[in-house]
Amino acid sequence: MQEYVEKMEIERGLAGLSLGSQCLKLAEEIGELAAASGEDDEVPGECVDVLILLASILNRAGIDLERTVADRFPGTGRVTLADLPARMAGSDLVGLDVAGLCVRAAIETGELCRAVRKLNGAPSDPGGRTVVLAETCADLVLLLGAFAHLLSFDLAEAFRAKEEINNSRVWT
């Protein structure tokens, strides 16, 4: 998926955007996901937008998303978008409703921004908190899997459907 996102960004003229600007865009997409939380049929597409931004951020940071997510499930092999919701069935996220998942996504996005600021040379957190970009991105991907589990949608199919829409848009 990261290779696809990299190619897509080049085709759409988005490849030159900085890591910081992609984090701002991610925050915007998390807001759109929260706004869609009352419309369950809109949530899958918003989850995909978040997923695309996460892949974009990880590409810029040189981090492998597949390996990062697989590290959360040691000894179980490759984790695909299609099987992510089932893997989330036993997690503590399953007890949350859509609004609760949106709040968690917002919190994780804040953590991601803190990690990016650190990568960009910002001073350390005075409270001593440390954040690892790869782990925070993995947390957000797992949240997307929890959305898919809760609302019973196929994240891989949602990705294909959203990209069909995106491919018909004019990117300026």
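**Helices, contacts and salt bridges in a predicted model**

Q: With which residue's side chain does the side chain of Glu-163 make a polar contact?
A: The model is predicted. Glu-163 lies in helix α8. Leaving aside neighbours within four places in sequence, Glu-163 is in contact with Tyr-4, Met-8 and Ile-52, among others. The side-chain partner in the polar contact, at 2.8 Å, is Arg-12.

Q: Is Glu-163 buried or exposed?
A: A residue counts as buried when its relative accessible area is under 20%. Glu-163 has a relative accessibility of 3%, so the class of Glu-163 is buried.

Q: Where does Arg-12 lie?
A: The side chain of Arg-12 is joined to that of Glu-163 by a polar contact of 2.8 Å. Arg-12 has a relative accessible area of 10% and therefore counts as buried. Its place is the loop between α1 (2-11) and α2.

Q: How many helices are there in the chain?
A: Read along the sequence, the pattern is α-α-α-α-α-α-α-α. The chain has zero strands, and its count of helices is eight.

Q: What is the radius of gyration of the chain?
A: The C-alpha atoms fill a box of roughly 40 × 40 × 35 Å, taken along the principal axes. For 172 residues the globule rule gives 16 Å, and the chain comes close to this, so it is as compact as a globular protein of that length. The radius of gyration is 15 Å.

Q: What percentage of the contacts with a separation of 6 or more is accounted for by residues 24 or more positions apart?
A: Of the 172 residues of the chain, 43% count as buried. Among contacts with a separation of 6 or more, the share from residues 24 or more positions apart is 76%.

Q: Which helix has the highest mean pLDDT among the elements of the chain?
A: The average pLDDT of the chain is 87, and 95% of the residues score at least 70. Among the elements, the lowest mean, 85, belongs to helix α5 (residues 84-87). The highest mean, 93, belongs to residues 43-61, which form helix α3.

Q: How far does helix α6 reach from its first C-alpha to its last?
A: Helix α6 (residues 98-119) has 22 residues. At 1.5 Å a residue, the expected value is 32 Å, and the helix comes close to this. Its reach is 31 Å.

Q: Against which helices do the buried residues of α6 pack?
A: The buried residues of α6 include Leu-101, Ala-105, Leu-112 and Val-116. Glu-108 and Thr-109 are also among the buried residues of this helix. Their packing partners are α2 (19-35), α3 and α7 (133-151).

Q: Which residue just after α6 takes a positive phi?
A: Helix α6 covers residues 98-119. Just after this helix, a positive phi of about 90 degrees is taken by Gly-121.

Q: What distance separates the C-alpha atoms of Leu-93 and Phe-147?
A: Leu-93 has its place in the loop between α5 and α6, and it counts as buried because its relative accessible area is 6%. Leaving aside neighbours within four places in sequence, Leu-93 is in contact with residues including Leu-101, Leu-142 and Ala-146. Leu-93 and Phe-147 are 54 residues apart along the chain, yet the separation of their C-alpha atoms is 9.0 Å.

Q: Which residue forms a salt bridge with Glu-157?
A: Glu-157 has a relative accessible area of 42%, so it counts as partly exposed. The closest N and O atoms are 3.2 Å apart, and the partner is Arg-160.

Q: What is the N to O distance in the salt bridge of Arg-114 and Glu-111?
A: Both residues lie in helix α6, three residues apart, about one turn of the helix. Arg-114 is partly exposed at 22% relative accessibility, and Glu-111 is partly exposed at 23%. The N to O distance is 2.8 Å.

Q: Which residues are linked with Lys-25 in a network of salt bridges?
A: Lys-25 and Glu-28 both lie in helix α2, three residues apart, and their side chains meet in a salt bridge of 3.6 Å, N to O. Glu-28 is partly exposed at 41% relative accessibility, as is Lys-25 at 32%. The network links Lys-25 with Glu-28 and Glu-29.

Definitions and conventions. Residues are numbered from 1 along each chain as its sequence is written. This is a predicted model: local features need pLDDT of at least 70, side-chain atom pairs count only at pLDDT 80 or more; totals for chains, interfaces and linings use all residues. Side-chain values use heavy atoms; hydrogens and water are left out. pLDDT is the predictor's confidence in each residue, from 0 to 100. Helices (H or I, at least four residues) and strands (E, at least two) are DSSP runs, numbered from the N terminus. The expected span of a helix is 1.5 Å times one less than its number of residues. Buried means under 20% relative accessible area, exposed over 50%, partly exposed in between (1.4 Å probe, protein chains only). Contact means heavy atoms within 4.5 Å. A salt bridge is a side-chain nitrogen of Lys or Arg within 4 Å of a carboxyl oxygen of Asp or Glu. A polar contact is a pair of N or O atoms within 3.5 Å; within protein, one must be able to donate a hydrogen and the other to accept it, and residues adjacent in sequence count only if both atoms are side-chain atoms. The radius of gyration is taken over C-alpha atoms; the globule rule is 2.2 Å times the number of residues to the power 0.38.
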